[in-house]
Amino acid sequence: MLSLAPEALDSLRFEQLVAQGRAALESGRTEAAARILRDALALWRGPALVDVTPGPILQVEVLRLEEMSKSALELRIEADLLLGRHHELLSELVGLSARQPTHEGFQAKLMLALYRAGRRSEALGVYQGARKALVAELGVDPSGDLQRLHRAILEGDPSLSEAGPPPIGLECLAMSIPRQRRLEHRQVGAVQ
């Protein structure tokens, strides 16, 4: 029987780093979260368990790890948006959104990054593209969150321009920030 220390397996180290990154983001340590999640994603090199022919049980593990990787990527992008790195994220988000046109989280983050970069018309175009893809591929309209973001961009909502947590009600942009913490951040910002 093969015996390895937990840190010897990339998949376990990846999971530990993702958990640490999520905790850092939830506790407001955004810079640390971005760094930790970047480190986690650096361990990811192509498809999970690519050198192994998975049976049914192992296939479930492959799917779980791939979903965790996508979640870690979304969290890292969220942290970078919170830090005001919208310009740096644009090329990455354009690619992700093009590869996954029905993934509303990536579409929403691209819309926000474009809007914050002063490219409002392009942000609105992303919404139209996502809407068309969702209707064509899944037969559904965009979620209420994506529709609210679209409306906020149309209205030029000033709260979208600020780095920091997205406005309350746009949960597609705030996967890991608890609602209470977003409310507190808004109240502190209003007082200062």
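Trainee: What span does α1 reach from its first C-alpha to its last, and what is expected at 1.5 Å a residue?

Mentor: This is a predicted model, and in it α1 has 17 residues and reaches 24 Å from its first C-alpha to its last. The expected span is 1.5 Å times one less than the number of residues. For α1 the expected value is 24 Å, and the span is close to it.

Trainee: Which residues of α1 are buried?

Mentor: They are Phe 14, Leu 17, Val 18, Gly 21, Ala 24 and Leu 25. Each has a relative accessible area under 20%, because that is the cut-off for the word.

Trainee: What makes the buried residues of α1 line one face of the helix?

Mentor: Look down the axis of α1: its buried residues fall within an arc of 130°, so they line one face. In general, an α-helix has 3.6 residues a turn, so residues three or four places apart point the same way.

Trainee: Which residue follows α1, and what is its phi?

Mentor: Gly 28 follows α1, and its phi is positive, near 90°.

Trainee: Why is α5 called largely enclosed by the rest of the structure?

Mentor: Of its 13 residues, 13 are buried, so α5 is described as largely enclosed. The span of α5 also agrees with expectation, because 13 residues at 1.5 Å a residue should span 18 Å and the end C-alpha atoms are 18 Å apart.

Trainee: How many residues does α2 have, and what do its buried residues pack against?

Mentor: α2 has 13 residues and reaches 18 Å from first C-alpha to last, close to the 18 Å expected. Its buried residues are Thr 30, Ala 32, Ala 33, Ala 34, Ile 36, Leu 37, Ala 40 and Leu 41. Those residues pack against α1 and α3.

Trainee: Arg 35 lies in helix α2 too. Why is Arg 35 called partly exposed?

Mentor: Its relative accessible area is 47%. Buried needs under 20% and exposed needs over 50%, so a value in between is called partly exposed. Arg 35 is 45 residues from Asp 80 in sequence, yet their C-alpha atoms are 9.6 Å apart in space.

Trainee: Where is Asp 80, and why is Asp 80 called buried?

Mentor: Asp 80 is in helix α3. Its relative accessible area is 2%, and the cut-off is under 20%, so the word applies. Leaving aside neighbours within four places in sequence, Asp 80 is in contact with Ala 34, Arg 38, Arg 85 and Leu 89.

Trainee: What makes the pairing of the side chains of Arg 85 and Asp 80 a polar contact?

Mentor: The distance is 2.7 Å. The limit for a pair of N or O atoms is 3.5 Å, with one able to donate a hydrogen and the other to accept it, so the pair qualifies. Arg 85 is in the loop between α3 and α4. Not counting residues up to four places away, Arg 85 touches Glu 31, Ala 34, Arg 38 and Asp 80.

Trainee: Which residues touch the most other members of the largest nonpolar core?

Mentor: That core has 42 residues, and those touching the most other members are Phe 14, Ile 77, Leu 93, Met 111, Ile 153 and Leu 160. The elements giving it two or more residues are α1, α2, α3, α4, α5, α6 and α7. Among the residues that Leu 93 touches are Ile 77, Phe 106 and Leu 110. In soluble globular proteins, nonpolar side chains tend to be buried together.

Trainee: How many helices and strands does the chain have, and what share of its residues count as buried?

Mentor: It has eight helices and zero strands. Of the 192 residues, 43% count as buried. Among contacts between residues at least 6 apart in sequence, 59% join residues at least 24 apart. The chain exposes about 10,200 Å², with carbon and sulfur atoms supplying 56% of it.

Methods:
Residues numbered from 1 in each chain as written. Predicted model: local features only at pLDDT ≥ 70, side-chain atom pairs only at ≥ 80, totals over all residues. Heavy atoms only, no water. Core = buried A, V, L, I, M, F, W, Y, C linked by side-chain atoms within 4.5 Å. Buried < 20%, exposed > 50% of the residue type's maximum accessible area, 1.4 Å probe, protein only. Helix = DSSP H or I, 4+ residues; strand = E, 2+ residues; numbered from the N terminus. Contact = heavy atoms within 4.5 Å. Arc of directions from axis to C-beta. Areas by Shrake-Rupley, 256 points an atom, 1.4 Å probe, with all protein chains shown as cover.
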